[in-house]
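Subject: Structure for you to look at

Dear colleague,

I am passing on the structure we spoke about, and I would be glad if you could look through it alongside the notes further down.

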Amino acid sequence: MPARVYVVGAGMTKVGRHFDKGLVELAAEAYDAAVEDAGIEPAGIVVANMMAGSLQGQDSLGALIASSLGLRYRPALHVEAACGSGGAAVYTAYSLVASGLLPSVVVIGVEKMTDYPTAIVTEALAQAADADYEVFYGASFAALNALMMRLYMRRYGVSRDEMSEWPVMMHENALSNPYAQLHKRITRRMVAESQVVADPIRLLDSSPIGDGAAAVILASEEEAVRSKWGATVEVAGVGLAVDTVELSNREALDEVPALGEAARRAYSMAGLGPGDIDVAEIHDAFTITAMLSIEALGFAGKGEAAKQLARGRFHPGDKPTLNPSGGLKARGHPVGATGVYQVAELTMQLRGDYPGLRVEDARNALASNIGGDGSTTTVIILRRR
Amino acid sequence: MPRPGIVGWGAYIPRYRLPASETAQLWGYPDAVPARLGVPEKSVAGPDEDSVTMGVEAALNALRRAGIEASRIGAVFVGSESKPYAVKPSATIIAEAIGATPDTMASDLEFACRAGSEGLRAALGLVEAGRIQYGLAVGSDTAQASPGDVLDFTAASGAAAYIVGPSRESVAVLEGVYTYVTDTPDFWRRDGSPYPLHGEAFTGAPAYFHHIVSAVKGLMESLGLKPADFDYAVFHQPNTSFPLRAAKKLGIPPEKVEPGLVVRWIGNTYNASALLGLAKVLDEAEPGSRILLAPFGSGAGADAYSFIVTDLVEEKRPRAPRVADYLARRRRITYAAYAKYRNLYRRAEW
Amino acid sequence: MPLRPLSPPKIWRRRRQHYRLEAARCRSCGRVFYPPRPHCPYCGSRETEPVPLQLARGRLLTYTVEYTVPSGFRSQAPLVIGLAEIGGARVLAPITDADPEEVEVGMCVEPVLRRVRSTDPYGLIAYGVKLRPCLQGGGGGGGAGEGGQGDS
């Protein structure tokens, strides 16, 4: 039985086009905020990032980030799982603390996407897919999700209008989030008429490109009680599951089967079920990803997510409330960092100090992070003690 | 030595067609110019096609008809004047793609429009000599012409493939072949030059007609045949009038030439020209027919073959798409799209 | 310019999968899968054998029309990408020889060899599998695999 682990500090940068900041500057901003928030310094570092290698020509991120933060000689790792790097990094940090190896670990998710034009960033993002059999053909990451979106809508009779409610809700939720990239109200009609990216995915179905960093500090019970917030937010359950990278060898194309697996493990460990979750930050890289996530997490039956959403479920006031931050769509998606943003946001929700849209009296929170179109999935469940 | 023959044949024509009217209008030609050529539209390879991809499909069609395992092919010859690589054989890509590697001869041949035919003749010879059991000869081109030159009306894309082998498996047995070559500079392209140049009228009498007529006469003499002995005459087709005039010079009536004419629908496919004509004839010829095949290549040379069609042609015919199926598959494009497919735009991408 | 040039060993290493649509059949569970992997992704067995699907015909399960294309693909835009069931395996490949309006879920598709990319005029050309609407006439399916199970 692993030891209890707590989230004792959280910090993040606004998501946007920070032309004046590189990887280390962004990481420092989030880290400093997290350390200030926690009142303790971490013993170890786990960096979550997807594209430093392809876009910045930079590897060795564990060493680079740690040493740039004055943390030379501490143990530091870089975890990569495409856009699921954040969740996987939190899972890794959890295991380092829960095993008793380290008393505290900061997870820093950092991503720099805006140094190059869209065509090049698109190519780099596609590295989440199979290089020899998907990217080889020019299939973009959006295209792969679009294959699933068309199939899902046809099979379950889901309309474009029903799907469009998701981006609308995301933008609405983000309006009060000071860290969000986008602060703009949109309508279902605007979504349906926005530029086609990869049919049927439209521009307003897709998370934007942006830079950002978020940091959370995980600590043992002993360390946690010494921190500013105390042993308040516990990591109650974690689950991580992978699937094939290539879409062609999935067991189902209208699900994210690995996410279902990861969720089962996290729920089981936490002793909770989908009905216990008050607030969740789920992975809406595209609208379809959100729908499939809702279903994999047990919040709706197969084919039901969009229909229920369009009828009002999951909006603020509902249990669960989904993505009060505005999600990947409107808070933004600095890919490798997103999973850490989710945990940082939920930590603040459970503590009651989230600066954006608050879910009052939340006790159980769930973060769901996906790499690729379902190849690496992580579920982190947090509980207020 | 056993007579060799054609064991399987295959064609490929891309789906795009550029109307001659587009070219005439853009480059300021009166309608009489394309009308005289008899080519109202020509076939154009799509942006993801080249002489290798077209050759592969034609070869797979030939394989379907031949009904043999590709690993039994002992030689692969590819004739083209629009190879994707100046150095790196198309033959190995095609051989690999159909499953004929590694135990096979393979090479690319160049002789303007008759390299495919040279490969056919060489493969037949290897079978006849008992050196190989089956051979594959491909003629494939995405013919290029300087934009706005009169060749722009006819330079087209297509491929044809022939698997040759023993006569007992053949749909058409080789009765005889004759090749006639001289050094005649009627049409050429220097290394590094994107487009060929030609001697206009010089490409006619001293080149096309002299070599074809000489080769056919040489064939008839060696086999003791007369023009009337042939049921079909298939010639290299740079335009609609040249093959009909060659037939007239040889005393062959136009009805015997028409079935093998593809240029009317798709233009001049260079190394695939006469070979697609032959494929079209094999798609319809009755057993017992005698076919004259006379490809020509600038530089210059011509071959003349006589084939006798066997009963097997009817059994093998339905196993792959016919030339008519490819002719029926057409999509008109504008000159702007043609220029894009042929990479005529100068672009920069960061 | 694209992130990296084409690698000669990689093109050579994948030539059968890319030229002949060579899939794998698991001898333990019977599944046919593409791309082939050292272990069957379905049952984990190492007992697999190659199955070329280049002569098979299949059915289109889903597709997309991609307008935002990666670096180097502007000349192919819009790029139609399809996922088809062929010979019992599922294959993801671009759809060629069809305008986007002509593409329909459920349509018959067949594999063809086409140029996939060439990162610069002096570099290698990568050939691969694309899918096109089944041609009228001719034998069609003759190789490994007729129809298959329904979609997943």
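This is a predicted model: local features need pLDDT of at least 70, side-chain atom pairs count only at pLDDT 80 or more; totals for chains, interfaces and linings use all residues.

In the domain assignment, chain A is divided into domain 1, made of 5-116 + 210-233, and domain 2, made of 140-198 + 235-384. The C-alpha centres of these two domains of chain A lie 22 Å apart, and their contact takes 41 residues from domain 1 and 36 residues from domain 2. On the domain 1 side, the elements that give two or more residues are strand 1 (5-12), helix 4, strand 4 (104-111) and strand 7 (212-220) of chain A, and helix 4 gives the most, with eight residues. Sorted by class, that side of domain 1 has 27 nonpolar, eleven polar and three charged residues.

If residues up to four places away in sequence are left out, A:Ile108 touches, among others, A:Ala27, A:Tyr31, A:Val47, A:Ile65 and A:Ala213. As background, nonpolar side chains tend to be buried together in soluble globular proteins.

The contact of chain A with chain C takes 35 residues from chain A and 32 residues from chain C. Helix 5 (118-125), helix 6 (141-156) and strand 5 (196-199) of chain A each supply at least two residues of the chain A side, and the largest share, seven residues, comes from helix 6. That side of chain A divides into 19 nonpolar, eight polar and eight charged residues. Strand pairing also joins the two chains, with strand 5 of chain A and strand 4 (residues 58-66) of chain C running antiparallel over two bridges, and with C:Val65 as the bridge partner of A:Asp199.

In chain B, strand 1 (residues 4-12) is mostly covered, nine of its nine residues being buried. This strand of chain B pairs with strand 7 (residues 157-166) of chain B in the antiparallel sense over eight bridges, where B:Gly8 stands opposite B:Ile163. Strand 1 of chain B is also joined to strand 8 (residues 172-184) of chain B, again antiparallel, by two bridges, and there B:Ile6 has B:Ala172 as its bridge partner.

In chain C, strand 1 (residues 22-26) has five of its five residues buried, with C:Glu22, C:Ala24 and C:Cys26 on one side and C:Ala23 and C:Arg25 on the other. Strand 1 of chain C pairs antiparallel with strand 3 (residues 48-52) of chain C over five bridges, and with strand 2 (residues 32-33) of chain C over two bridges. In the hairpin of strands 1 and 2 of chain C, which has five residues between the strands, C:Gly30 takes a positive phi near 85°.

With best wishes

Terms used. Residues are numbered from 1 along each chain as its sequence is written. Chains are lettered from A and ligands numbered from 1 in the order in which they are written. Two residues are in contact if their C-beta atoms, placed from the backbone, lie within 7 Å. Helices (H or I, at least four residues) and strands (E, at least two) are DSSP runs, numbered from the N terminus. Ala, Val, Leu, Ile, Met, Phe, Trp, Tyr, Cys and Pro count as nonpolar, Asp, Glu, Lys and Arg as charged, and the others, Gly among them, as polar. Two strands pair if DSSP finds at least two bridges between them. Domain bounds come from an automatic or database domain assignment. A residue is buried if 20 or more other C-beta atoms lie within 10 Å of its own, exposed if 12 or fewer, and partly exposed in between; C-beta atoms are placed from the backbone.
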